[in-house]
Amino acid sequence: MKPKKPYSRLQRNILDKTGWRCVVCGEKIRRKEFTKEHLLPKSRGGNSHFNNLWACHYDCNQEKGAMTLEEYTYRCMEERRLLEIKCKLTQKEK
Ligand SMILES: [Zn+2]
């Protein structure tokens with residue numbers, strides 16, 4: 001676990017952009033969970049400038065990986081849709 005340090009000016013500015021919420025799941029971010037999310041992943045040529053950085057939970061960032069936020073959101077929607085279909089099918093079997 002990383003030691004608790006106060007937010008830097010840049011970190012606070014990033015958090016202000018998202019209203020101190022995670023850009024992936026929308027939940028509030030606590031100090032120990034905070035991580036910087038690259039809107040365009042570094043592996044895709046994204047930079048570390050303020051405009052490309054958003055606040056995100058550490059876990060959400062791991063989960064999202066090298067996908068862009070759009071790709072990740074789309075994948076979540078697909079998964080939810082598949083889950084709903086699965087639920088309906090199992091309900092019918094009963
Ligand atoms: Zn999150």
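Trainee: Which residues is threonine 68 in contact with, leaving aside its neighbours within four places in sequence?

Mentor: The model is a predicted one, and in it threonine 68 is in contact with Leu40 and Pro41 once neighbours within four places in sequence are left aside. Threonine 68 itself belongs to the loop between α2 (58-64) and α3 (69-93).

Trainee: Where is threonine 18, and what does it touch?

Mentor: Threonine 18 is placed in the loop between α1 (9-17) and β1 (34-38). Not counting residues up to four places away in sequence, threonine 18 touches Val23, Trp54 and Ala55. Threonine 18 is partly exposed because 16 other C-beta atoms lie within 10 Å.

Trainee: What is to be noted about the phi angle of tryptophan 20?

Mentor: Phi of tryptophan 20 is near 60°, a positive value in a residue other than glycine. Tryptophan 20 also sits in the loop between α1 and β1. It is partly exposed, because its C-beta neighbours inside 10 Å number 14.

Trainee: How should I read the order of the elements in the protein chain?

Mentor: One reads from the N terminus on, and here the order is α-β-β-α-α. Strands β1 and β2 pair in the antiparallel sense, over 5 bridges. Within this pairing, lysine 36 stands opposite alanine 55 in β2.

Trainee: How many residues of β2 are buried, and which way do they point?

Mentor: Strand β2 is mostly covered, with 5 of its 5 residues buried. Leu53, Ala55 and His57 point one way from β2, whereas Trp54 and Cys56 point the other way.

Trainee: Which residues form the largest nonpolar core?

Mentor: The general idea is that nonpolar side chains tend to be buried together in soluble globular proteins. Here the largest nonpolar core has 10 residues: Ile14, Cys22, Val23, Val24, Ile29, Phe34, Leu53, Trp54, Ala55 and Cys56. Strand β2 (residues 53-57) gives the most to this core, with 4 residues. As for cysteine 56, its contacts beyond four places in sequence are Cys22, Val23, Val24, Thr35, Glu37 and Asn61.

Trainee: What radius of gyration does the protein chain have, beside that of a compact globule?

Mentor: The protein chain has 17 Å, but a compact globule of 94 residues would have a value near 12 Å. Along its principal axes, the C-alpha trace spans about 55 × 30 × 25 Å. Of the 94 residues, 16% count as buried.

Trainee: How much of the contact set joins residues 24 or more positions apart?

Mentor: Among contacts with a separation of 6 or more in the protein chain, such residues account for 54%.

Notes:
Residues are numbered from 1 along each chain as its sequence is written. This is a predicted model: local features need pLDDT of at least 70, side-chain atom pairs count only at pLDDT 80 or more; totals for chains, interfaces and linings use all residues. Helices (H or I, at least four residues) and strands (E, at least two) are DSSP runs, numbered from the N terminus. The radius of gyration is taken over C-alpha atoms; the globule rule is 2.2 Å times the number of residues to the power 0.38. A residue is buried if 20 or more other C-beta atoms lie within 10 Å of its own, exposed if 12 or fewer, and partly exposed in between; C-beta atoms are placed from the backbone. Two residues are in contact if their C-beta atoms, placed from the backbone, lie within 7 Å. A nonpolar core is a set of buried Ala, Val, Leu, Ile, Met, Phe, Trp, Tyr and Cys residues joined through C-beta atoms within 7 Å. Two strands pair if DSSP finds at least two bridges between them.
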